[in-house]
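Have a look at the chain below, and then we can walk through its inside and its backbone together.

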Amino acid sequence: MRTARFTLDPAFTVGEVSPRVFGSFVEHLGRCVYTGIFEPGHPTADAEGLRQDVLDLVRELGVTTIRYPGGNFVSGYRWEDSVGPVEERPRRLDLAWRSTETNRFGLSEYIGFLRKLGPQAEPMMALNLGTRGVAEALQLQEYANHPSGTALAELRVAHGDKEPFGIKLWCLGNELDGPWQTGHKTAEEYGRIAAETARAMRQLDPGVELVACGSSSQSMPTFAAWEATVLEETYDLVDYISLHAYYQPENGDIDSFLASAVDMESFIENVVATADHIGAKLKSKKKINLSFDEWNVWYISEWHEIENSGERDWAEAPRLLEDNYSVMDAVVFGSLLIALLRHADRVTVACLAQLVNVIAPIMTEPGGPAWRQTTFFPFAQASTYGRGEVLDVRVDSPTYDTQKFGETDLLHATAVRADDGSVTVFAVNRSRTEGLPLEVALGGLGVDRVVEHSVLADADPDARNTLAEPERVTPHAAEGTALTDGTLTAVLEPLSWNVIRLA
């Protein structure tokens, strides 16, 4: 196969990676919360009912910002139900997932979970702008953040939380462009309530950071027109516009699935273009950044079969969306991470949906173990080694044909230079059958050795980690990777995620 090549130069950069790019998402959906992060009575549970085995894995994963409590769930969420004495909290029907919500885990427990993860774990709170509005958003903001001396602040103190929660980052609703969303709105309707809520929240705290709802996918019929209309109303009031995208093989088209990041990069660039158009129209010097606050591989067609079957029955924490990820899924997942890093100048928040059990990198069994899915490894490696400045990568790569995207590069890659001068190359080989020779010219970077070349690949692309075989798939070391006279050479295994560290 022809060699793939690119050049790295410290003079040509994309932007600094925001730690918030390595965020995740905890929604009251299926077993993400109950028997996921929270399971009183589990052998590893602490006094607050948090599973220590899951906490350890979340720390290893390297997650930063964690979005909560939804997702679709938030559009019917009553924040008052989730605070105060647990035994007094009401049980509610959750229309989004046709489940019963007990509210045993609520706002205080969420903040407690983040504090136990460590200082890198930042709250990102979603507001219900589906069935509620400005008044309820202000009440939640005051309860959560005001130090003391008001009825709502003192209510929080009375509930046992003397210190404010300090939530700076807020989502103004969720996916309200979608007809499936409780409280679905037109762009005009949503733009108006988002603007009203943003103005009011800034009156309480001018320093809040706010995310306006963008499109639920690039394929939405209202895409781009939605963003333009919403930003016309909110441009000077918000800091981010959101994007959501999930990918799966469609009609057996594996080659297009492997190229999913082509769509993700197109989505990002089209939203940037739309936002900048509105900025120019409004004669504003401000730039709206992007919050890609839901992304993942998700076999959504399997969920739709369940959703349309009528079998759901208002159960508590049912097993929903528990996709078991293969090596192939992990390679696509890694490519999506590369897409995010390649746009670090504008994508400054991102949330992997979700954290535990529900389309997640971490799985658990009630009363039993927790383990890493195949997708755990690319995220953990990117979070560890993807901190610093993204270098501009423009590949010269062999190509292959795809039904959805036409001629597509077999190589998908980016590189990040850390503060200490070390460089990490993240690369995916999309070929299912052949190794891909790689050459990287390293002009002026001052690196002279290969520290590590880690590979996630397997002779069986369908290999996956399960309860029975929790360590069937793990990264392994590549052989033959070298750095000589300023040129890195390697061979990327077929269908592989690669992390090459240089110093």
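**Briefing: core, spaces and backbone**

The second largest cavity is lined by Tyr77, Arg78, Trp79, Leu127, Asn128, Leu129, Arg132, Gly133, Glu136, Ala137 and Leu140. Please keep in mind that this is a predicted model.

**Cavities**

- The second largest cavity holds about 80 Å³ of space, and its lining residues divide into 6 nonpolar, 2 polar and 3 charged.
- In total, the structure has 3 cavities of 30 Å³ or more.
- The largest cavity comes to about 120 Å³ and has 16 lining residues, with Gly30, Tyr34, Thr100, Glu101 and Ala317 nearest its centre.
- Strand S6 (residues 99-101) contributes the most to the lining of the largest cavity, giving 3 residues.
- By class, the lining of the largest cavity has 6 nonpolar, 5 polar and 5 charged residues.

**Pockets**

- The largest pocket has a volume of about 880 Å³, and 41 residues line it.
- Nearest the centre of the largest pocket you will find Ser216, Ser217, Tyr246, Trp298 and Ile300.
- At least two lining residues of the largest pocket come from each of strand S10 (240-247), helix H7 (254-258), helix H8 (260-281) and helix H9 (300-307).
- The lining of the largest pocket is made up of 18 nonpolar, 14 polar and 9 charged residues.
- The second largest pocket has a volume of about 240 Å³; among its 16 lining residues, Gly76, Tyr77, Arg92, Leu93 and Asp94 lie nearest the centre.
- Strand S5 (residues 92-94) gives the most to the lining of the second largest pocket, with 3 residues, and the classes there are 5 nonpolar, 6 polar and 5 charged.
- Tyr77 is worth a look, as it is in the lining of the second largest cavity and also in that of the second largest pocket.

- Beyond its neighbours within four places in sequence, Phe113 is in contact with Ile37, Leu50, Leu55, Ile66, Phe105 and Leu355.

**Backbone points to check**

- Most residues other than glycine have a negative phi, and most peptide bonds are trans.
- Tyr68 and Pro69 are joined by a cis peptide bond, with omega about 0 degrees; Pro69 sits in the loop between strand S4 (66-68) and S5.
- The peptide bond from Gly70 to Gly71 is also cis, with omega near 15 degrees, and Gly71 is in the loop between S4 and S5.
- Ala224 has a positive phi near 75 degrees and is in the loop between strand S9 (209-212) and helix H6 (225-234).
- Ala224 counts as partly exposed because its relative accessibility is 25%.
- Lys283 has a positive phi of about 60 degrees and lies in the loop between H8 and strand S11 (289-297).
- With 75% relative accessibility, Lys283 counts as exposed.

Technical notes:
Residues numbered from 1 in each chain as written. Predicted model: local features only at pLDDT ≥ 70, side-chain atom pairs only at ≥ 80, totals over all residues. Heavy atoms only, no water. Contact = heavy atoms within 4.5 Å. 1 Å grid on protein atoms, 1.4 Å probe; cavity = no way out; pocket = protein on both sides within 12 Å on 5 of 7 lines; lining within 4 Å. Points joined across faces, edges and corners; volume = space filled by probe spheres on them. Helix = DSSP H or I, 4+ residues; strand = E, 2+ residues; numbered from the N terminus. Nonpolar A, V, L, I, M, F, W, Y, C, P; charged D, E, K, R; others polar. Buried < 20%, exposed > 50% of the residue type's maximum accessible area, 1.4 Å probe, protein only.
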